[in-house]
Amino acid sequence: MYAAQQYETMSPGRIVLALYDGLLVRIQRAANAFDDNDLSARGEALQSALKILAQLQASLDVEKGGEVGVALYNLYTFVTHEIARANIHDERDALMYCGSLIQEVRDGWAEMLETQDLVTPPKPAGGGGYL
């Protein structure tokens, strides 16, 4: 319940950042499971990673996002296929490559949010708006 309340207070941009962070955690868990030869843990981590990728992809508005939206959609599709392939062919390096791609996008997203926070004035307390 606490996690759900936490997300309710986040901006959409911060939710996307949290999804990227969660995706990176799942990829690292899967990599650790590769190292430990733990197929069950690897499967659970990768399944969770794929669900996060599906959520990220479903939340895209490609029309509003223009070229960036299309590029993210294509990246999510590529990473989804690569994660599945890495699992089937026991290719830990392919999984880590996916992680590096997501890390790069995550870091850019975080930087954009920081810049936006510096430029955008805070909303008035109570959400009452301006009269």
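Tutor: The expected span of a helix is 1.5 Å times one less than its number of residues. This is a predicted model, and the part to look at is helix α4, residues 62-88. Helix α4 has 27 residues, and a straight helix would reach 39 Å at 1.5 Å a residue. The end C-alpha atoms of α4 are only 30 Å apart. There is also a kink of about 80° in α4, centred on V68. After α4 comes D90, which has a positive phi, near 50°.

Next, the side chains. The buried residues of α4 are G69, L72, L75, Y76, V79, E82, I83 and A86. An α-helix has 3.6 residues a turn, so residues three or four places apart point the same way.

Leaving aside neighbours within four places in sequence, I83 is in contact with I27, L46, A49, L50, L53, L95 and C98.

Helix α4 also takes part in one of the two aromatic pairs of the structure. The ring centres of F78 and Y97 are 6.5 Å apart and the planes are at 90°, so this pair is edge-to-face. F78 lies in α4 and Y97 in α5, so the pair ties together parts 19 residues apart in sequence. F78 is partly exposed, at 35% relative accessibility, and Y97 is partly exposed as well, at 45%.

Notes:
Residues are numbered from 1 along each chain as its sequence is written. This is a predicted model: local features need pLDDT of at least 70, side-chain atom pairs count only at pLDDT 80 or more; totals for chains, interfaces and linings use all residues. Side-chain values use heavy atoms; hydrogens and water are left out. Helices (H or I, at least four residues) and strands (E, at least two) are DSSP runs, numbered from the N terminus. The bend at a residue is the angle between axes fitted to the seven residues ending there and the seven starting there. Buried means under 20% relative accessible area, exposed over 50%, partly exposed in between (1.4 Å probe, protein chains only). Contact means heavy atoms within 4.5 Å. Rings of Phe, Tyr and Trp (its six-membered ring) pair if their centres lie within 6.5 Å; planes under 30 degrees apart count as stacked, over 60 as edge-to-face and the rest as tilted.
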